[in-house]
Amino acid sequence: MLYETLIAPFVEFEFMRRALVGVCALAVGAGPIGVFLMLRRMSLVGDAMAHAILPGAAIGFLVSGLSLVAMSTGGMIAGFVIALLAGLVARTTELKEDASLAVFFLISLAIGVTIVSLRGTNIDLLHFLFGSVLALDDHTLLLMAASAVLTLFVLALIYRPLVIECVDPGYLRSVSRLGTPVHLIFLALVVINLVSGFQALGTLLAVGIMMVPAAIGRFWARDITPMIAIAVAGGMISGYAGLVLSYQTGIPSGPAVILFAGILYALSLAFGTAGGLLRKLFPGRHLEA
Amino acid sequence: MRKNLIAAMLAFICVLSSPALAQEKIRAIATFSILGDFVKNVGGDRVAVTTLVGPNGDAHVYAPTPADARALADAKVVFVNGLGLEGWMTRLVKSSGSKALSIVASSSVKPRRSADEHGHDADPHAWQSVANAKIYVANIRDGLIAADPAGKAVYEANAASYLGKLDALEAEVREAIAKIPADRRRIITTHDAFGYFGAAYGMEFIAPQGVSTESEASAKDVARIINQIRKQKIPAVFLENISDERLIQRIAVETGARIGGKLFSDALSDEKGPAPTYIDMMRNNIREFSIALQS
């Protein structure tokens, strides 16, 4: 019975196994990115990016028609340009990161809609570009695995300055000039994870598996490293449970995964050991030496 | 003598005025390309047709532009499919302030309920059966006559000749289907648009999505379809011109079913494509069915 419910779907159907591998790869790469985004108060960047890539996708469409490779590449380039411009403006002027990102993504969206309408078509390009977790082919899986590996590797290289940047950017600036390059490299990782996630799984899953597990991790750990570990684990558990939920009940897969992550979030909010509501209402006795 | 002269003058005036009449075309709007093709065939030279959702566009999720609203304000007669296809149309007609005569082309078609077990809405893709297309053409003829009584004879003649072509098409479809063995008349497509075709000609269509292209598939749906293909040995899966094809490719790989050619369901192709008119579209579809299902 338990086997029938929890394991049989993955044994019987290849698309379920691929979906599971896909969400796990996404959770590994996107989990740490999400934690850093949350700590830097940039949690909404994913949604902005989902619109910002439109002009790149549209130019890819103009050049080579409805080709996923061309449109993803274009989207990736557009995402880089927007993230870099927003990051540079935030670094060098008074405008904050979220405001400059909002401005650039809106301009980008406007350019994208204009380009699409030049072609005189009303095909929803992003609808075409954004994939489904149930339809992962070899290329898409390789792309997602590659972006997860690249993310972990680059994060390992820039981990220390990035953490200091998150908690005390002023201090980092006083001891090192790495602040700006580290920030820009981090933004590039954000774009890579989001765009590969969009075209493989769609916006809801890509952004959802990035941000919701990060918020879960925040309620269980105060240090960044365990927070990341919990976020990755939370993403994987949500992915697996959501797929089972979608298989058993017929809820579309993307929403099922995020709904399950939402349940984990609600539990963490209530019972979390690091700032959960119950802990706040009934604080434990102070430990005395 | 004098009577003759008057008659001759009258005849002369008629000759002079008729080209002037022909220049002043009746402006008609059709909401999507297939309906536009019907109106073109019935209206002939007397009618200038504007199609709102062009070739390869998706009428389910179309967002109207100001140019559409302007075209609508100038139009004398507007043809819509009805059956819930154009949710945006009623609002567009209202906001454009159009005084055009509005004709529902599918009126008096017997609506099918959607094949999806959850949905209780009518399936809008009625034109996929040629018998329904003939009802569309009759409604369009009557609508054009109501908007432009002077052209009655022309519209009746055009409609009669087009209905003749549709009769020939119907025979062609039935002949092609008859050649496919009865136990192989089962097909998977991306979007459930062939319900009327299936009911009229005895084919079974199974779709991984609901009737609208907007809904997202669940793991349960996909698993059900894969099981069904394996169990019933469904020979072919088809892609359509407007849906995400990755899902269908995944199902095909997993079941070993053959991926058929391109079908056209909701929109015609452009002039260079394989389905620039309704008749070409139906021919293209039955040709693809035959190729995929025969061997």
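**Entry 1: chain A as a whole**

I began with burial and noted that 46% of the 289 residues in chain A are buried. I counted a residue as buried if 20 or more other C-beta atoms lie within 10 Å of its own, as exposed if 12 or fewer do, and as partly exposed in between, with C-beta atoms placed from the backbone. The model is predicted, so I recorded that local features need pLDDT of at least 70 and side-chain atom pairs count only at pLDDT 80 or more, while totals for chains, interfaces and linings use all residues. Residues are numbered from 1 along each chain as its sequence is written, and chains are lettered from A and ligands numbered from 1 in the order in which they are written.

I found 15 helices and zero strands in chain A. Helices (H or I, at least four residues) and strands (E, at least two) are DSSP runs, numbered from the N terminus. The C-alpha trace of chain A spans about 75 × 60 × 30 Å along its principal axes.

**Entry 2: two helices of chain A**

I examined α5 (residues 54-64) and α7 (residues 97-118) of chain A, which pack at an angle of about 20° with their axes 7 Å apart. This angle makes α5(A) roughly parallel to α7(A), a label for angles under 35 degrees; over 145 counts as roughly antiparallel, 65 to 115 as roughly perpendicular and the rest as oblique. Axes are lines fitted to C-alpha atoms, for helices over the stretch in contact, and angles run from 0 to 180 degrees between N-to-C directions.

Among the residues that meet here are L54(A), A58(A) and L62(A) of α5(A), and L109(A), G112(A) and V116(A) of α7(A). Contact requires that the C-beta atoms of two residues, placed from the backbone, lie within 7 Å.

**Entry 3: where chain A touches chain B**

I noted that 25 residues of chain A are in contact with 21 residues of chain B. On the chain A side, α3 (14-39), α13 (224-249) and α14 (253-271) each supply at least two residues. α13(A) gives the most, with five residues.

**Entry 4: chain B and its helix α2**

Chain B has ten helices and eight strands, and 47% of its 295 residues count as buried. Just after α2(B), G44(B) takes a positive phi of about 55°.

**Entry 5: positive phi outside glycine**

I recorded a positive phi of about 55° for R41(A), which is not a glycine. R41(A) lies in the loop between α3 and α4 (45-52) of chain A, and it counts as exposed with 12 C-beta neighbours inside 10 Å. In chain B, S108(B) has a positive phi near 75° and is likewise a residue other than glycine. S108(B) is found in the loop between β4 (101-104) and α5 (130-147) of chain B, and its 10 C-beta neighbours inside 10 Å make it exposed.
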